[in-house]
Amino acid sequence: MSVTARYGVVRTDNETGSDYMAVNNPADIAVIVIYFLVVLAVGIGAMLKTSRGTVGGFFLAGRSMVWWPIGASLFASNIGSGHFVGLAGTGAAAGIAIGGFEWNALVAVIVLGWLFVPIYIKAGVVTMPEYLKKRFGGQRIRIYLSVLSLILYIFTKISADMFSGAIFIQQALGLNIYLAVVMLLAITALYTVTGGLAAVIYTDTLQTIIMVVGSFILMGFCFNTVGGYDTFVEKYMNAKPSIITEVGLNISAACYTPRPDSFHIFRDPITGDLPWPGLVFGLSILGTWYWCTDQVIVQRCLSAKNMSHVKAGCILCGYLKLLPMFLMVFPGMMSRILYPDVVACVTPSECQKYCGATVGCSNIAYPKLVVELMPNGLRGLMLSVMLASLMSSLTSIFNSASTLFTMDIYTKIRKQASEQELMLAGRVFILALIGVSIAWIPIVQSAQSGQLFDYIQSITSYLGPPIAAVFLLAIFCKRVNEQGAFYGLVVGLLLGLARMITEFAYGTGSCVTPSQCPKIICGVHYLYFALILFGISCIIILGVSLMTTPIEDKHLYRLCWSLRNSTEERIDLESDNWTSPEEEPPSEDPEPPQEVGCFRKAYNWFCGFEQKSALRLSPEEQAALDKKLTDTSEHPLWKNVVNANAIILLAVAVFLHGFFG
């Protein structure tokens, strides 16, 4: 079967037979089966080893994790199928500048480990809205942030991963998309629901190794096929489709010719597709929002056994974030060289034939490399990598979203909920999220316009900056109060939604058929818009705060940077009603425990509930436990080691931006 015919059948169900299916040999199937068995074994092993019978155990892995699984889990939580498909696709279409999004994280993870996490740990919080509740008091900011975070999870992160996973499965397997995704979600949910955060972190670590090794192998095959770096540059600049005309359309040469600045990260501030001021400053705001205030990321750091492990994990993640440029962006660009008619198609009829989207097929750049270049067995490994990244991202979102729901929303509905009820509510919410995910599949399928990755980045630019402004000012400016933060969030959200709804109503268009959105609204690049929105949010937060009553220091001990080392007892602005209610004192003559049946025992083990009643801690023991959970002390030797590594990491970031700038 020819390449053209092979890729013309993606959208036609009656032709997806064995000729089309790429994984139809014993080597590929064996690799995939063995991989999934190992993942389940790792998850079940974590289940047996870790305390999951408490909120701290299930959601924060008992604050027992060491640096290398944390670093790997940070990387794996961030890198999903959306990166493989989206980074490679944008690389194929526009060159290496999209890799700057990944390298910006090298600075963001240092800010996370050195500035933000110490405050979160000293504050003794489990979720980010909980920190804002302690910092500002009141309920409205915390509930606003929880609900907005859950909406972002469902309609950006889950949708992006489902979309990119769907593209890959369709291109590589020819399976019914519903069957494939439901199977994936079932396996993903199994070890998220049963294992808690420890299982998520251990499986993330395994999957990170597989992702990196498989991607390196594919990069090697790409360079072997294309030639060395100089040949790669020369061939990419000449990678154009053969069919560039269509009746009724006047297609500009700029639509199918690679950009002259394809091999530069820093591009023209006015005409560039990713202008350099936006990439340096606007992206830093989005990086602060994502890396320093996002529940998925911060929860990994809060599970570390001490501050040195947090910082070392952040540094490891930073080094791993160097890789996507070479493992995803470069192979995507080479896919355009090898298959210009498919990946770089420009006429709507040709693109529709190859991938079912009229505006372009760059999204299939990475899946096409896997199907065409990899030999049997290794193709199965790469499929495992893609499934791993999809599952890794989904497990992280499911676990962290259930934490937000349980701690910040469910406890408002059920104020007297027991710890066991909270655990059960978190697991049921994961199942509800999966239901929403499956219902979202048809919308994701119909959104194959080649623009979803840009949609995700722009949604972040429209909704993230006000949250970044609130967290930055909450930590570094103690004068900021609840009224300022709330009105800054609300005005920022309204401005962001106004831009987002307008842009979506008109559509983003394509090079061949540009959008009709008014220039005054959509003409401002989304990274510039993020800068403007951040500035407006900061002005409103500070302005309203200065016009209203400040918060006294006694309420802010260990909640902001200037008071981080204070030892005085903090008086909460209001009683912290998110925790479990006060338990009744034990009776003098406790009843003997009732005999539990086999079914109940199995259910308790599966959900991580303790078989025996929880150990009752004395006030001294509880105080010692609280002290351990809020301790940020470091051994002087390891403190110097991680600080030196942080300087090296920042130097590497500066060098790479200079070299590829």
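Trainee: What should I know about the model before we start?

Mentor: The model is predicted, so local features need pLDDT of at least 70 and side-chain atom pairs count only at pLDDT 80 or more, while totals for chains, interfaces and linings use all residues. Residues are numbered from 1 along each chain as its sequence is written, and side-chain values use heavy atoms, with hydrogens and water left out.

Trainee: How many helices and strands are in the chain?

Mentor: The chain has 27 helices and zero strands. Both are DSSP runs numbered from the N terminus: helices are H or I with at least four residues, strands are E with at least two.

Trainee: What makes W103 count as buried?

Mentor: Buried means under 20% relative accessible area, exposed over 50%, and partly exposed in between, with a 1.4 Å probe and protein chains only. W103 has 1% relative accessibility, so W103 is buried. F326 has 25%, so F326 is partly exposed. Of the 661 residues of the chain, 57% count as buried.

Trainee: Why is the pair of W103 and F326 called tilted?

Mentor: Rings of Phe, Tyr and Trp (its six-membered ring) pair if their centres lie within 6.5 Å; planes under 30 degrees apart are stacked, over 60 edge-to-face, and the rest tilted. The centres of W103 and F326 are 6.1 Å apart and the planes stand at 45°, so the pair is tilted. W103 is in helix 6 (residues 99–103) and F326 in helix 15 (residues 323–338), so the pair ties together parts 223 residues apart in sequence.

Trainee: Why is the pair of F486 and Y487 called edge-to-face?

Mentor: The angle between the planes of F486 and Y487 is 75°, with 5.6 Å centre to centre, so the pair is edge-to-face. F486 is buried at 17% relative accessibility, whereas Y487 is partly exposed at 41%. The count of aromatic pairs comes to 27.

Trainee: Which residues do ring pairs link into a cluster?

Mentor: The cluster contains W103, F223, Y229, F232, Y236, F263, F326, F330, F655, F659 and F660.

Trainee: How do you know that a charge sits over the ring of F486?

Mentor: The rule asks for NZ of Lys or CZ of Arg within 6 Å of the ring centre and within 35 degrees of the ring normal. The charged end of R140 sits over the ring of F486, 4.0 Å from its centre. The charged end of K368 likewise sits over the ring of Y339, 4.7 Å from its centre.

Trainee: What makes helix 18 largely enclosed by the rest of the structure?

Mentor: In helix 18 (residues 365–373), eight of the nine residues are buried, so the helix is largely enclosed. K368 is one of these buried residues, and Y366 and P367 are among the others.

Trainee: Why is helix 7 called roughly perpendicular to helix 13?

Mentor: Axes are lines fitted to C-alpha atoms, for helices over the stretch in contact, and angles run from 0 to 180 degrees between N-to-C directions. Angles under 35 degrees count as roughly parallel, over 145 as roughly antiparallel, 65 to 115 as roughly perpendicular and the rest as oblique. The axes of helix 7 (residues 105–123) and helix 13 (residues 295–302) come within 10 Å and cross at roughly 75°, which makes helix 7 roughly perpendicular to helix 13. Contact means heavy atoms within 4.5 Å, and here it is made by L112, V117, Y120 and I121 of helix 7 with I297, V298, C301 and L302 of helix 13.

Trainee: Why is helix 4 called roughly antiparallel to helix 13?

Mentor: Helix 4 (residues 67–78) packs against helix 13 at about 175°, with the axes 9 Å apart, and that angle makes helix 4 roughly antiparallel to helix 13. The residues in contact are I70, S73, L74 and S77 of helix 4 and V296, I297, R300 and C301 of helix 13.

Trainee: How do you know that G91 is buried?

Mentor: G91, in helix 5 (residues 81–94), has 0% relative accessibility and so counts as buried. Not counting residues up to four places away in sequence, G91 touches I98, Y236, V329 and M333.

Trainee: Is R63 buried or exposed, and what is its relative accessibility?

Mentor: R63, in the loop between helix 3 (55–60) and helix 4, is at 4%, so R63 counts as buried. The C-alpha atoms of R63 and A304 are 5.2 Å apart, although the two are 241 residues apart in sequence.
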